2 protein chains.
Amino acid sequence: MSEWFEERYRDRIGLSLKTTEKLFSKQSSFQKIDVYDTIAYGRLMTLDGMVMCTEKDEFVYHEMITHVAALSHPEPHSILVIGGGDGGTIRELVKHGDIARIDLCEIDGDVIQVSKDYFPTLNTAFDHPKVNVHVDDGIAFIARAQPKSYQIVIIDSSEPIGPGEGLFTEAFYTDVKRVLTDNGIMIAQTEAPFVCGDMIGRIYSHLRPVFAQVKMFTAPIPTYPSGYWSWAFCSKQQTDFLQKSAETVSKTTSYYNEAIHQAAFALPNFVKALIEV
Amino acid sequence: MSEWFEERYRDRIGLSLKTTEKLFSKQSSFQKIDVYDTIAYGRLMTLDGMVMCTEKDEFVYHEMITHVAALSHPEPHSILVIGGGDGGTIRELVKHGDIARIDLCEIDGDVIQVSKDYFPTLNTAFDHPKVNVHVDDGIAFIARAQPKSYQIVIIDSSEPIGPGEGLFTEAFYTDVKRVLTDNGIMIAQTEAPFVCGDMIGRIYSHLRPVFAQVKMFTAPIPTYPSGYWSWAFCSKQQTDFLQKSAETVSKTTSYYNEAIHQAAFALPNFVKALIEV
């Protein structure tokens, strides 16, 4: 029996996806997790009724949150991922031969289990020898981490309202900076320019005092609010983008390639105005 | 009283916009035209229940369908727009001092009237001295046009199902080529890569035999299906993109600028595969 999954954002815009089956539903310690099969985008995971990922468009998000940083750092030996419990981010990271260690810190172990049970195209790296999975609070995990212990930290969080709120503060960014090496890079998802410009302005006002370099890059993601998403590229020093060849990894990607890497940093006028570039 | 406008696309994905008022509804000779006020995107015009434009995101579509071509042609004296009855395309074109004449050929005069009555931010150029409005069938208009009479032809059409179907055929493109000058450019909207890849493959297979150069460029448009749109850039000769400075026009735009102009031609791997680049 077909039904429609509906997500309403800020009580003003909505996304609907026709489903063929509801496969799973559980209230975890942190949030309600649901899994559906949809006609347009394959399998769908939602958290508290909001799209976390779909099988058919997650590639854009996960390729962009990983390869832009991995190919912009000369020696990304150790990586920390905060969030990312669906597994897509670590799936992309393990493609890079120069990455030796990946710590994944997801607060909700049930999200990881749902990926293992229902998302075969996302869950391929949880048992990879480079990957260490920690079910823990990201803020506490970083607070305990040694200074200068990661070349790249990726903040693969939910939105800055509710459980993810603490991952968007200047205090948190300052602690991320502490655990980054001198030439370290932080990538953070920074929401949807068309529909939460106010929020984006605040996020970047918290990033700029902390990092020497703060840039934004963007990509289309159909099942996220407004279909257009942004990430911050932050570094402790001025950094050249794309320091290594994207050729090998681009053979494995559906969205990312070298031209896209460069183009993603070209910002529309209205986006530049939001973050005062 | 608030209600939700809902558009369902191919019975698998949907967009919802919370409305504050329905302002207009009419069955024209060609389609049903409705106008609403929405909270997220301002005023909305729909044709047969599908979003044609909203006040708050139309700028992306209209800036990209015009300035990319206008700044890639050395002397765009005469321009023909097929469709474009909401007025947004001609509003952008009249910004270019080197454009002397714009013919707008819209099949449905009621669309133009609705723009004049309800869309003050779109309807500003209908009475511009450079603009000549023709309420006519685009295929017939081009069939009557003189050879080599336009430097740029812009196909600002609805989708290739229903009334717009004839605007996506090889026969039509061949007639467009006939009315273009030797260094002429055709721009056509070519649908949504995430959700109608099959259709896009067919469109480009009709374009390639006709034009010496066929490129695609893309941009995010929140209220169109999947939020990510494409256009074809076609020319009778090999052409350099961006032959003139984008500086002046970029002071008037919200999406377009020189970096965006270049970046829009960087295509994701899955899009390149659709059109066999």
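Guide: Pro220(A) is buried, with a relative accessible area of 5%. Keep in mind that this is a predicted model.

Visitor: Where does Pro220(A) sit?

Guide: Pro220(A) belongs to strand β11 of chain A, which covers residues 213–220.

Visitor: And which residues is Pro220(A) in contact with?

Guide: Setting aside neighbours within four places in sequence, Pro220(A) is in contact with Val60(A), Gly227(A), Tyr228(A) and Tyr255(A), and also with Phe194(B) and Tyr228(B).

Visitor: How far is the C-alpha atom of Pro220(A) from that of Ala192(A)?

Guide: Those two C-alpha atoms are separated by 9.8 Å, and the residues are 28 apart along the chain.

Visitor: Through what surface do the copies meet?

Guide: Through the same surface, because 100% of the interface residues of chain B are also interface residues in chain A.

Visitor: Let's do the sheet. In what order do the strands of chain B come?

Guide: Seven strands form an open sheet in chain B, in the order β8-β7-β6-β9-β10-β12-β11, and the pairing is mixed. At the edges are β8 and β11 (213–220) of chain B, each pairing on one side only. On average, neighbouring strands of this sheet are turned by 15 degrees against each other, direction ignored.

Visitor: Start from the β8 end. How do β7(B) and β8 of chain B pair?

Guide: β7(B) and strand β8 (residues 131–135) of chain B pair in the parallel sense, over five bridges. Asp103(B) has Asn132(B) in β8(B) as its bridge partner. β7(B), helix α3 (residues 109–118) of chain B and β8(B) make a right-handed β-α-β unit.

Visitor: How many residues of β7 of chain B are buried?

Guide: Five of the six residues of strand β7 (residues 101–106) of chain B are buried, so this strand is largely enclosed by the rest of the structure.

Visitor: And how many for β9 of chain B?

Guide: Seven of the seven residues of strand β9 (residues 150–156) of chain B are buried, so β9 is also largely enclosed by the rest of the structure.

Visitor: Which way does β9(B) pair with β6(B), parallel or antiparallel?

Guide: Parallel, over five bridges. Ile154(B) in β9(B) is the bridge partner of Val81(B). Ile154(B) also stands opposite Ile187(B) in β10(B). Five bridges join β9(B) to β10(B), and these strands run parallel as well. Helix α5 (residues 170–179) of chain B makes a right-handed β-α-β unit with β9(B) and β10(B).

Visitor: Then where does an antiparallel pair with β10 of chain B come in?

Guide: Between strand β10 (residues 180–189) and strand β12 (residues 228–235) of chain B, which run antiparallel and are joined by five bridges. In β12(B), Ser235(B) is the bridge partner of Ile185(B).

Visitor: Thr181(B) is in β10 of chain B. Is it buried or exposed?

Guide: Thr181(B) counts as buried, at 12% relative accessibility; the cut-off for buried is under 20%. Beyond neighbours within four places in sequence, Thr181(B) is in contact with His73(B), Lys148(B), Tyr150(B), Gln151(B) and Lys236(B).

Visitor: New topic, the core. Which residues touch the most other members of the largest nonpolar core?

Guide: Met64(A) and Met64(B), out of the 180 residues in that core. Not counting residues up to four places away in sequence, Met64(A) touches several residues, among them Phe217(A), Trp231(A), Tyr256(A) and Ile260(A).

Visitor: What about Tyr256(B), where does that lie?

Guide: Tyr256(B) lies in the loop between α7 (247–250) and α8 (258–263) of chain B. At 0% relative accessibility, Tyr256(B) counts as buried. Leaving aside neighbours within four places in sequence, its contacts include Met64(B), His67(B), Leu242(B) and, from chain A, Asn269(A).

Visitor: How far apart are the C-alpha atoms of Tyr256(B) and Phe59(B)?

Guide: They are separated by 8.8 Å, with the residues 197 apart along the chain.

Note on methods:
Residues numbered from 1 in each chain as written. Chains lettered and ligands numbered in written order. Predicted model: local features only at pLDDT ≥ 70, side-chain atom pairs only at ≥ 80, totals over all residues. Heavy atoms only, no water. Contact = heavy atoms within 4.5 Å. Core = buried A, V, L, I, M, F, W, Y, C linked by side-chain atoms within 4.5 Å. Buried < 20%, exposed > 50% of the residue type's maximum accessible area, 1.4 Å probe, protein only. Helix = DSSP H or I, 4+ residues; strand = E, 2+ residues; numbered from the N terminus. Pairing = 2+ DSSP bridges. Right-handed = clockwise from strand over helix to strand, strands pointing away. Axes fitted to C-alpha atoms, helices over the stretch in contact; angles between N-to-C directions.
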